[in-house]
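Please open the structure in a viewer and follow the selections below in order.

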Amino acid sequence: MGITHDVGQELGGLVATAHRIGEAIESVIEGKRDVVRLTLTVLLAEGHLLIEDVPGVGKTMLAKALARSIDCPVRRVQFTPDLLPSDITGVSAFNQQTREFEFKPGPVFANIVVGDEINRASPKTQSALLECMEEHQVTVDGTTYRLDTPFMVIATQNPIEMEGTYPLPEAQRDRFTARIAMGYPEPAAELEMLDVHGASSPLDKLEPVATTAEVRALIDAVRAVYVSQPIKKYAIDMVTATRRSPDLRLGASPRATLHLVRAARAHAALAGRDYVIPDDLQDLAVPVLAHRLLPSLEAQGQRRRPEQVIADLVRRVPVPESREGGADGAGPAR
Amino acid sequence: MRLPIMAGLATAAVALTLYPLFREGAWFWTGMGAVLVVAVVSVLTTRPGVPRWLGPPLELVGLGLYLAVVFAPEAAWGWLVPTTDTLVALAGLLGEGFADIQRYAAPVPSNPGITLLTAGGVGLIAVLVDLLAVRLRRAALAGLPLLALFTVPAAVMTDPLGWPAFILGALGFVGLLAADGRERLSTWGRAVLVRRTRGAGTAGASGRGENTPISLSGKRIGVAAIALAVGLPALVPTLAPNPLFGFGVGSGNGEGGNTITIPDPIASLRGQLTRNGNDTVLTYGNSDNVPRYLRMYSLDTFDGDRWTMSQPKGRPQNSVAEGPLPPPPGLSPDVPVKEVTTRLQVSDAVENLSFLPLPYPANTVRVDGDWRADETTLMVFSTHDTAGGQDYEVGQREPTPTPELLGELRGDPVEDVAARYLDLPADLPPQIRFLSERLVSGTDTPYQAAVKLQNWFTSSGGFTYSLQTQGNGSQALLEFLSNKTGYCEQFAAAMAVMARTLRIPARVAIGYTGGTFLDGVWRVRTHDLHAWPELYFQGVGWLRFEPTPSGGLGQATAQVPDYSRPPVEVTGTQGPSAGPTPGPDSTGLSDPLNPSRAPRDPDANLPSTPVVVDTGTPVAAKIGIGLLVLLLIGLVPALGRVVARHRRGRVWAHAVPAEVTDARAGSAEVTAVRLGRAVHGTWRELIDTLHDLGLGHELSETPRALARRLVERHELDAEAAAAVTRIAWAEERLRYARTPGEIPSLKGDLRVARRALRAVVSRGRRLRATLLPASTLLRLRRAGESMLDGFDRLENIRLWPRRDRAEGPAEPAEEPRVLTGSRR
């Protein structure tokens with residue numbers, strides 16, 4: 001009972017801090033509570049977020065708002081076709097005075113990196129992000145530099161194929177924990193936005209509400225959230241279902257399973273719970289899994305998007321009904 | 001490849017149903033060997049490049065070789081290559097087999113002749129099935145030869161075939177059809193691998209999705225049809241026992257209207273006598289309380305191999321309902337007769353008996369149904385009614401000749417009687433004729449000869465009674481007369497044949513002895529089935545004789561008729577009271593001095609507890625009982641539901657809240673387990689309630705989601721909403737949390753939740769939930785689904801590892817995709 005109690009206290013603090021961050025973001029992005037919550041989930045799960053939507057719905061604004069509400073180094077990279085890998089990771093420059101090569105860190109050396117319109121950069125530049133995102137380190141000229149914790153890449157991209165864009169390769173998409181779409185705001189929210197944004201940018205007034213240390217503590221607390229055996233099995237059932245679905249050409253990877261469970265931990269912690277329940281996984285299945293899947297030709301023909309396929313699968317995979325796992329319809333107390 | 005194997009398996013499965021026909025199992029392996037040979041040849045000849053027509057001839061050759069090697073290896077060249085000697089040997093064996101089949105009643109011994117016949121027959125059926133299913137691709141038609149094989153045991157055995165045998169045969173046929181369907185689909189060019197996808201980690205969920213394979217429904221239909229065929233007759237309470245595969249009276253069109261199938265009475269005789277059970281067949285009471293033999297069949301023809309019955313003729317004017325039966329042949333008016341009335345009740349369990357057991361000679365028969373009398377033999381039979389369950393009254397004018405009267409009869413039998421009942425085969429061994437003439441030397445009337453003959457069998461001849469003997473043909477009789485061992489079949493047949501050699505018209509009667517007097521009625525049982533000779537004396541007609549030893553060492557209830565007792569002065573061995581008295585068996589009760597005539601105590605052979613006879617329940621009552629039983633069966637799910645609910649409720653009494661009241665670690669664990677059981681029970685109860693009320697619950701719905709749905713959709717009040725949420729929360733913690741923590745008793749919550757949920761549905765739904773709870777049916781359905789899953793697994797067993805195809809992504813071998821229909 002002791003452990004549960006401690007975690008409970010920590011969770012209380014966590015929920016309060018997360019609530020503060022959430023409110024701060026929401027003061028900028030109106031009417032997008034779910035999106036904000038998912039963003040926080042990804043942050044606490046030590047993952048990376050891909051925001052995909054048409055231009056002008058506030059993708060960059062969301063990224064900036066999150067970055068600004070935490071008191072930590074934030075760097076923004078505007079991806080363009082002529083961006084070079086060294087523009088992201090940094091370069092070794094020769095110092096005339098010391099007569100030595102000196103490493104000039106690139107924009108990834110920050111706690112939060114906002115990659116705007118990531119699909120405008122060439123694949124070579126995009127892949128420079130790969131090592132940083134997965135391994136939290138940068139290697140330049142044979143020297144490896146650790147990145148700070150927390151480290152989160154928030155990338156935005158336009159879904160519509162436009163001139164001068166390079167679609168993200170599957171390998172890189174798989175490295176993003178979740179992908180969300182902003183969606184157009186509700187008319188009421190849009191009206192409010194006109195009122196508020198008309199005079200000045202609310203981003204300017206945004207003050208940091210949490211420190212890096214606080215966020216680090218939150219991440220530690222999330223790591224302690226309990227995932228029972230049946231839940232792990234349920235997560236595996238879910239990804240296995242995507243691999244077996246005739247609607248999908250490419251199913252979810254084992255990395256996806258890992259991301260799903262990590263995100264579920266954060267999701268549970270944000271709800272003030274010290275254990276994961278199937279609802280966490282169900283809520284996260286679409287944002288965490290959908291962007292990694294390739295629909296089969298038949299599904300494409302029927303205009304079924306991976307999101308729909310995942311939603312169907314979630315409705316079909318039975319939730320575990322006992323502590324040992326397994327969805328025996330009877331339960332032990334029959 | 002699959003189809004020939006399935007054809008062989010189907011034949012083998014149906015051949016298994018032959019088991020009740022044999023006493024030993026030796027035939028089985030030989031028969032299976034024949035099927036195997038045919039299947040192997042079939043598999044080899046279905047390979048590409050082999051002409052399609054070549055299969056069946058090669059299979060026949062293979063079958064022939066196999067039979068030659070198994071049954072006549074010594075005649076073959078090098079034990080393998082058949083020669084003319086082999087053919088001769090096989091033909092000889094076949095002849096023996098046919099003769100044996102004629103002679104024995106089932107179960108027959110597995111001697112080589114019969115085994116050869118069986119193996120050959122099964123092999124031929126296998127070739128036919130293969131021809132139809134594999135070569136002509138008419139798998140459904142292949143059911144006909146299988147059915148033919150299946151009808152053999154059904155036609156021969158009096159007992160209906162067991163349902164496992166039927167299931168086996170039917171599954172074999174369904175398997176053949178399924179294999180045919182698969183091959184047919186596979187010729188469309190797509191891989192057809194049947195696999196229902198269900199449960200965790202699979203895409204197809206409960207098979208209701210777009211992936212439902214056609215073949216699955218086919219299999220379901222097949223299994224359901226078999227289950228119905230077996231289950232329905234067993235479940236439906238019938239008014240009369242109606243077996244699955246009853247047989248007997250046919251109704252084809254023949255001479256003079258309907259014809260009847262004549263069973264081989266002799267063949268079933270031994271089977272009945274050696275049966276383990278000794279059930280009551282009928283009971284009767286009569287006006288003078290004297291046991292009388294009850295005859296059913298009269299066998300008039302002896303062809304050297306066996307005694308048979310010629311087709312009885314029942315003209316419409318001889319219907320027993322029309323008036324008295326024809327007068328007994330040969331009885332002259334000056335013989336004294338005794339009027340006797342007998343009332344008989346045949347047990348309901350007797351099936352398809354189309355001949356009425358009657359005392360001879362019957363004068364009037366009052367019975368329900370269309371029963372006709374045969375003019376010459378006075379057998380009473382029906383083409384569409386059965387004697388089972390009948391309650392009928394027989395009036396009788398029984399001749400009571402005295403030995404003196406009989407001794408004076410010297411007249412020759414009338415022409416038609418002599419022609420029919422003196423006929424003997426030309427090849428009758430002369431020894432029999434010599435023996436009978438030697439035995440009766442010194443007698444000068446037919447009657448004296450008959451009495452002497454009977455006496456030789458019963459006492460002076462030194463015969464012993466044994467059920468181990470077989471047959472009643474000339475050879476069998478010759479053996480019997482020298483071994484002097486046999487049972488009623490041989491005794492009756494021998495005496496009748498010997499009487500014919502002495503120019504006394506004779507026939508063999510089959511029926512029951514008088515039975516045992518028990519609880520105020522005469523009770524006739526299976527073991528009282530009997531054969532006896534009837535001899536004709538011009539002036540008196542047909543009289544029964546009894547050559548079979550009676551009592552504990554013989555036919556238990558057999559009795560020598562009074563008129564056939566040798567007169568005192570002839571033998572001098574009997575006491576004075578054994579002298580002839582008028583009337584057959586008439587002194588059975590009244591003659592205390594004759595121990596053999598006293599009413600028989602229940603024999604040592606017979607069970608001491610009286611067997612209850614169904615005296616018949618009125619039809620209306622039977623219908624009522626049937627409905628009541630149906631109603632009770634219908635209420636079983638509801639009852640089970642109530643019991644389950646109470647059990648789940650009771651668990652809370654033992655589930656102390658999780659606070660550790662005892663320092664011992666073990667007890668804390670026990671408490672946790674108990675608590676877990678209680679919470680799960682409460683949850684299951686809630687789910688079952690939802691199913692009962694038709695509110696539903698999907699397997700993918702989490703406790704939290706369920707509570708939310710119930711509260712929001714059905715607008716539960718605050719108390720009920722809190723109760724449902726608490727139950728869901730407890731279940732959730734129990735399943736997924738590190739420790740469940742403190743969970744209070746949910747008994748009250750469950751009550752509140754149930755009440756609230758019942759309030760949201762209509763009254764009809766509530767009633768249905770109480771009387772026909774769907775949750776119990778759901779469990780049944782799950783059991784059915786897991787059974788179907790088992791079938792699917794069987795279907796997916798691979799005999800050969802699948803060849804990896806170079807093209808396409810590597811599909812996991814255990815997860816074949818189901819592809820039906822065309823690409824959309």
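Helices here are DSSP runs of H or I with at least four residues, and strands are runs of E with at least two, numbered from the N terminus. The model is predicted: local features need pLDDT of at least 70, side-chain atom pairs count only at pLDDT 80 or more, and totals for chains, interfaces and linings use all residues. Residues are numbered from 1 along each chain as its sequence is written, and chains are lettered from A and ligands numbered from 1 in the order in which they are written.

Select Ala72(B), in the loop between H3 and helix H4 (84–103) of chain B. Ala72(B) is buried, because 23 other C-beta atoms lie within 10 Å (buried requires 20 or more, with C-beta atoms placed from the backbone). Leaving aside residues up to four places away in sequence, Ala72(B) touches Thr86(B), Ala89(B) and Leu90(B); contact requires C-beta atoms, placed from the backbone, within 7 Å.

Next, display H3 (residues 55–71) with H5 (residues 112–135) of chain B, which pack at about 165° with axes 10 Å apart. H3(B) is therefore roughly antiparallel to H5(B) (angles over 145 degrees, taken between N-to-C directions on a scale from 0 to 180 degrees, with axes fitted to C-alpha atoms over the stretch in contact).

Note on methods:
Angles under 35 degrees count as roughly parallel, over 145 as roughly antiparallel, 65 to 115 as roughly perpendicular and the rest as oblique. A residue is buried if 20 or more other C-beta atoms lie within 10 Å of its own, exposed if 12 or fewer, and partly exposed in between; C-beta atoms are placed from the backbone. Two residues are in contact if their C-beta atoms, placed from the backbone, lie within 7 Å.
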